[in-house]
Amino acid sequence: MIKFLTKLIRFSIVFFFFTILVLLISSAIVEPKLKMRGRGCIIDKQKRLESLATPKILLVGGSNVCYNTNSQLIEDSFHMPVVDMSINAKVGMQFYFEMVKPYIKKNDVIIITPEYDAYGKINFLGDESMYQLSIINPYYLKLLNAKQWIRLPVFVGNLLKDNYTILTADKNSKVSNGRLDYNKWGDYEGHKNLPSLSEKFMNNKDDDYNLKYNQTINDDFIKLLIEFSNYCKSKEAKCLIGYPVYAKKLASDEYAFKIHENLKDMNWVDDNPDTFLYEANQLYDSPNHLLFNMRNERTVKLITLLKNQLINNAQ
Amino acid sequence: MLFNSFTFLVFFPIVFLLYWFVFNQSIKLQNAFLAVTGFVFYGWWNWKFLLLLLLSLVTDFTVGYLLQITAKEAARKWLICSSLVFNIGLLVVFKYYNFFASSLQGLFSLFGLKVDFVTLNVILPVGISFYTFQSLSYTIQVYRRKMEATTDFIAYAAYISFFPQLIAGPIEKATQFLPKFFAKRNFNYTQATDGMKLILWGYFKKVVIADTCAFYVNDIFNNYTHYKGFILFVGAFYFAFQIYCDFSGYTDIARGVAKLLGFDLMVNFNYPYFSKNIREFWQRWHISLSTWFRDYLFIPLGGSKISDNKTAINILIVFLVSGLWHGANATFIYWGLLHANYYLPTIYLKSKKQVSGIYLYFTNGINILGTFLLVTIAWIFFRANSVNEAFSYLQRMFYKSSIQIPGKTTAFLLIIFLLLVDFIGRNDENTLNGFVNKLPSVRYLFYLILGVFVLANFYQQQSFIYFQF
């Protein structure tokens with residue numbers, strides 16, 4: 001038994017290092033291709049974030065932000081530069097916060113819009129999407145906390161598979177959701193002229209998207225949001241939190257109010273969760289994503305609410 | 001609990017360590033622990049069906065005991081019938097009732113009669129066909145006086161609920177497997193390393209090859225009306241390897257896990273796609289089920305020691321039942337009957353012609369290819385959602401089309417790799433052993449590469465096809 005366990009442990013250690021080696025080599029090979037895929041937009045967002053003068057507006061959240069926002073409209077309305085830092089909810093809010101923290105300065109405005117799923121279903125520590133960002137820019141490894149490092153082995157398989165998929169992808173096929181689909185503010189525009197695919201999620205037989213009152217809310221995530229809000233306060237920046245866009249039929253006001261109750265000490269863009277609920281035919285490929293031609297309407301609503309919060313309240 | 005889930009990756013090391021380091025003081029303790037782990041493993045899917053497993057356990061244990069103490073033949077017959085009725089009754093209620101009800105309804109409607117049967121809204125308990133057959137094997141063997149009934153309920157519970165093979169076999173015969181629960185188990189290094197190799201190769205077959213093929217198979221079969229010709233051939237070809245890798249992969253993992261607990265499970269697959277005829281195929285594919293049907297159905301019906309015509313009828317019955325065993329769908333019956341039709345000529349045509357040298361390789365090659373083609377055609381019925389769909393798929397296969405492999409060639413390359421490893425390792429019941437013995441200098445690198453492939457594909461966590469049976 002001892003001989004077996006010793007050999008098993010020895011093999012596991014060798015396997016661990018071999019896997020890391022394969023991951024590093026494959027990551028180095030896929031890096032140029034990865035930079036041109038969707039996650040590659042982080043390079044441009046980071047550059048913009050670094051270059052903007054203060055005061056500025058930072059938009060932080062999952063894909064609901066970059067799909068549903070016209071940052072240019074916000075910039076023109078407030079005469080403040082805007083950067084949309086969002087990519088995907090699965091990157092995890094912890095990472096987004098760590099990414100923007102060094103750039104938050106006095107009088108900046110940070111608008112956080114986590115997806116409803118970010119409060120419970122999706123882990124705020126991120127999945128392989130977040131580790132992929134570190135392949136694009138190893139600097140992001142510095143932003144990972146101990147828990148995120150501990151979680152890394154769980155996603156090694158996915159990272160290897162993704163590397164393999166990218167390596168073997170057809171050179172001639174167009175990359176959907178690529179880096180070039182993001183505009184200079186960081187908003188996603190790849191769904192321009194695309195029709196609604198709402199049937200897929202509205203009729204989802206596993207009932208994945210139907211929000212319910214009894215859906216769990218992760219206390220640690222609530223703590224993280226409050227901590228970030230306090231951090232912004234300490235920097236004399238204004239932090240606001242908002243409800244995300246969602247399909248009207250799948251939403252739950254009770255659940256939204258439960259979230260609000262947990263975060264009642266934070267500044268809200270709007271107390272009414274119904275403001276950003278939309279009909280299925282106004283949505284693109286998920287209950288969180290509007291059709292491209294709807295994003296201006298949503299942005300105008302957001303601007304009105306922000307004016308109320310930022311200008312009127314200041315007076 | 002799925003073997004290809006993170007839960008199992010946590011569950012099994014805990015079981016392994018407790019089994020050898022905490023419960024190793026007595027066989028009774030180890031058996032009790034195995035029974036409990038079996039229940040946890042099964043209950044993880046749906047704890048409510050544990051009651052069904054327990055009911056089956058208690059019933060057949062009691063029947064076995066009563067058979068042992070009853071001398072009168074008439075009473076013994078009643079007892080074995082009660083066990084048969086109970087076990088087959090379970091299958092009928094949970095697996096076949098709705099199928100028979102709707103089939104009868106259809107039949108009556110042909111004659112203009114409208115009959116409404118009450119259909120039951122029941123979920124099929126996972127692995128029910130496997131554990132009821134294993135349980136039945138015990139009562140039948142006791143009835144035949146091939147073994148003595150056990151009075152140790154814990155050992156019996158451990159035998160039935162032995163988690164590596166509880167859900168998808170191999171279906172072990174009580175005479176061979178139950179005695180192992182009364183023998184002292186000592187950890188054996190060679191057995192354990194053999195087990196690890198089986199597990200690694202099993203995972204590779206399941207999560208890398210089967211799940212990769214599944215991606216294309218699902219697309220082609222679900223949208224077969226959009227395809228024609230060669231691509232549908234490819235779909236059937238991929239499915240042949242998907243089901244082989246899925247099921248034999250499961251069996252390899254089960255055998256490997258069992259070895260790590262000190263048990264040897266029977267070989268369930270013996271390189272079936274290298275069979276030279278259908279008879280040989282059935283001696284190599286799902287061996288535990290084939291031998292179960294041979295011992296408890298084919299031989300009692302008269303076996304092959306009767307006239308060719310009667311043997312042919314018995315073969316037909318066995319394949320019909322085998323098809324039905326797989327599921328309550330006409331597609332499985334057609335699949336079974338198709339195999340029966342393939343098999344029947346082997347009863348009547350007994351070739352005595354011997355060939356040798358280059359002709360032997362040539363004829364073997366042709367026979368292997370021919371057998372594989374026949375088996376693949378039958379798989380279309382197995383995979384299709386309805387018999388009409390299967391026929392339509394077959395018809396469209398022969399439409400003129402260009403030759404192209406769908407998507408990437410990954411699945412195709414993986415199949416070539418599988419065949420290569422299987423071919424080189426075919427003389428060993430542990431493929432990986434047979435393969436690495438030919439290439440000892442690179443075996444560690446080979447294990448590492450297989451491991452990385454498994455890790456990269458592990459997240460897919462697709463269920464095993466045979467769980468539904």
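Predicted model: local features only at pLDDT ≥ 70, side-chain atom pairs only at ≥ 80, totals over all residues.
**Stop 1: the largest pocket**

Stay with the pocket and show its surroundings. About 1700 Å³ of space lies inside, and 46 residues line the largest pocket. To find the centre, select Leu8(A), Phe11(A), Ser12(A), Phe15(A) and Met196(B), which lie nearest to it. Next, colour the elements that give two or more residues to this lining: α1 and α7 in chain A, and α1 (6-21), α9 (189-222), α10 (230-260) and α19 (443-457) in chain B. If you colour the lining by class, you will see 33 nonpolar, eight polar and five charged residues.

**Stop 2: where the chains touch**

Now show both chains together. How many residues of chain A are in contact with chain B? There are 21 of them, and they meet 23 residues of chain B. About 2000 Å² is buried between the two chains, and carbon and sulfur atoms give 80% of that area. Pick out Met1(A), Phe4(A) and Lys161(A): together they supply 32% of the area that chain A buries against chain B, more than any other three residues.

Then highlight α1 (2-36) and α7 (146-168) of chain A, each of which supplies at least two residues of the side that touches chain B. The helix α1(A) gives the most to that side, with eleven residues. By class, this side of chain A has 13 nonpolar, five polar and three charged residues. If you look for salt bridges between chain A and chain B, the count is zero, while three residue pairs are in polar contact, counting pairs with both residues at pLDDT 80 or more.

**Stop 3**

Rolling a probe the size of a water molecule over the atoms shows where empty space is left. Across the whole structure, the search finds four cavities of 30 Å³ or more. The largest cavity holds about 110 Å³ of space. Of its 17 lining residues, select Asp252(B), Arg255(B), Phe269(B), Glu429(B) and Thr431(B), the closest to the centre. Which helix gives the largest share of this lining? That is α10(B), with five residues; α9 and α10 of chain B each supply at least two. The classes here are six nonpolar, six polar and five charged residues.

Among the residues lining it are Leu59(A), Val60(A), Ile111(A), Tyr243(A), Phe276(A) and Arg298(A). Here β1, β3 (109-113) and α11 (295-312) of chain A each supply at least two residues, and the lining divides into eight nonpolar, three polar and one charged.

**Stop 4: backbone details in the loops**

Most residues other than glycine have a negative phi, and most peptide bonds are trans. With that in mind, zoom in on Thr54(A) and Pro55(A), which are joined by a cis peptide bond with omega about 0 degrees. Pro55(A) sits in the loop between α2 (41-51) and β1 (57-61) of chain A.

Next, select Glu236(A): this residue is not a glycine, yet its phi is positive, about 60 degrees. Look for Glu236(A) in the loop between α9 (219-234) and β4 (238-241) of chain A. Finish in chain B with Arg145(B), another residue other than glycine, whose phi is positive and near 60 degrees. Arg145(B) lies in the loop between α5 (128-143) and α6 (153-160) of chain B.

Conventions:
Residues numbered from 1 in each chain as written. Chains lettered and ligands numbered in written order. Heavy atoms only, no water. Contact = heavy atoms within 4.5 Å. Buried area = accessible area lost by both parts, 1.4 Å probe. Salt bridge = Lys/Arg side-chain N within 4 Å of Asp/Glu carboxyl O. Polar contact = N/O pair within 3.5 Å; in protein donor to acceptor, adjacent residues only side chain to side chain. Helix = DSSP H or I, 4+ residues; strand = E, 2+ residues; numbered from the N terminus. Nonpolar A, V, L, I, M, F, W, Y, C, P; charged D, E, K, R; others polar. 1 Å grid on protein atoms, 1.4 Å probe; cavity = no way out; pocket = protein on both sides within 12 Å on 5 of 7 lines; lining within 4 Å. Points joined across faces, edges and corners; volume = space filled by probe spheres on them.
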